[in-house]
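Please keep the sequence and the structure in view while reading.

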Amino acid sequence: MSDEEQRGRGAASVHRVGGLLGDLQAADEQPVAPRRRADAERNRAQILAAAEQLFAQQDPRTVTMDKIAKAAGVGRATLYRSFPDPSSVAVALLDEHERRLQGQLIYGPPPLGPGAPAGERLAAFYLAMLDLLERHLPLALGAETGPARFRTGAYGFWRVHVRTLLVDHGIQDPDPLIDIALSPLSPELYQSRGQDFGLSTERLGRPLADFARQLLFWGE
């Protein structure tokens, strides 16, 4: 065998060994990303569970990122990698409940879902939102207090839903009425009516449903 052939065989051997080493290294490295994802998911679950307790135990507006990190047992850097502020944590917690209601508005039976007159659907929407606030008021206060309320994706969905109902009823200029229609559903207002005036969800629901029906006729 010539020197050139030997060099060629040697190079081929190195190439094969190098390829094997590369495969072994790749095999070692592949689980890293799934492990990181699992760690991130576990941290997120801890953060959300701890934050939900904090929002329920104290005024949601006093919950800070430091309190959430301490309660969840994670570092501030870990917390900030997932959420920029306490409001975004509350939004994530509230999102699951709001998505369920959104699905009912699109696909559910009437009067909440399609198939009922617009006034009845708006009244049913009000009652469903009151129930949502009753069950998850601390999260709503944490996520939708003040101007932050108008920037959430859920509020955008509610606006589209209400506008659709106004248009279905035949209102020619629905846009000025949308936020008027949604204003009684402010978490802060709901809290105030309940705590300061002792109004139950049932007492609030009846006149609010009537208001929903009348609002469509006022807008004609």
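The model is predicted, so local features need pLDDT of at least 70 and side-chain atom pairs count only at pLDDT 80 or more, while totals for chains, interfaces and linings use all residues. Residues are numbered from 1 along each chain as its sequence is written, and side-chain values use heavy atoms, with hydrogens and water left out.

**Terms for spaces**
- On a 1 Å grid over the protein atoms alone, a cavity is a set of points where a 1.4 Å probe fits but cannot get out, and a pocket is an open set with protein on both sides within 12 Å along at least five of seven lines; lining residues have an atom within 4 Å of a point.
- Grid points are joined across faces, edges and corners, and a volume is the space filled by probe spheres set on the points.

**The largest pocket**
- The largest pocket holds about 170 Å³ of space.
- Its lining consists of His97, Arg100, Leu101, Gln104, Ala128, Asp131, Leu132, Arg135 and His136.
- Two or more of these residues come from each of α5 (86-107) and α6 (118-143), where helices are DSSP runs (H or I, at least four residues) numbered from the N terminus.
- Helix α6 gives the largest share of this lining, five residues.
- The lining of the largest pocket has three nonpolar, three polar and three charged residues; Ala, Val, Leu, Ile, Met, Phe, Trp, Tyr, Cys and Pro count as nonpolar, Asp, Glu, Lys and Arg as charged, and the others, Gly among them, as polar.

**The cavities**
- Two cavities of 30 Å³ or more are found in the whole structure.
- The largest cavity holds about 60 Å³, and its lining includes Met129, Tyr155, Trp158 and Pro187.
- Seven nonpolar and two charged residues, with no polar ones, make up the lining of the largest cavity.
- The second largest cavity holds about 40 Å³, and among its lining residues are Leu94, Glu98, Met129 and His136.
- Helix α6 provides the largest share of the lining of the second largest cavity, five residues.

**Ala181**
- Ala181 lies in helix α8 (residues 175-182).
- Ala181 counts as buried because its relative accessibility is 0%, buried meaning under 20% relative accessible area (1.4 Å probe, protein chains only).
- Beyond residues up to four places away in sequence, Ala181 touches Tyr126, Val162 and Leu215, a contact being heavy atoms within 4.5 Å.
- Ala181 and Leu215 are 34 residues apart in sequence, and their C-alpha atoms are 7.6 Å apart in space.

Conventions:
Buried < 20%, exposed > 50% of the residue type's maximum accessible area, 1.4 Å probe, protein only.
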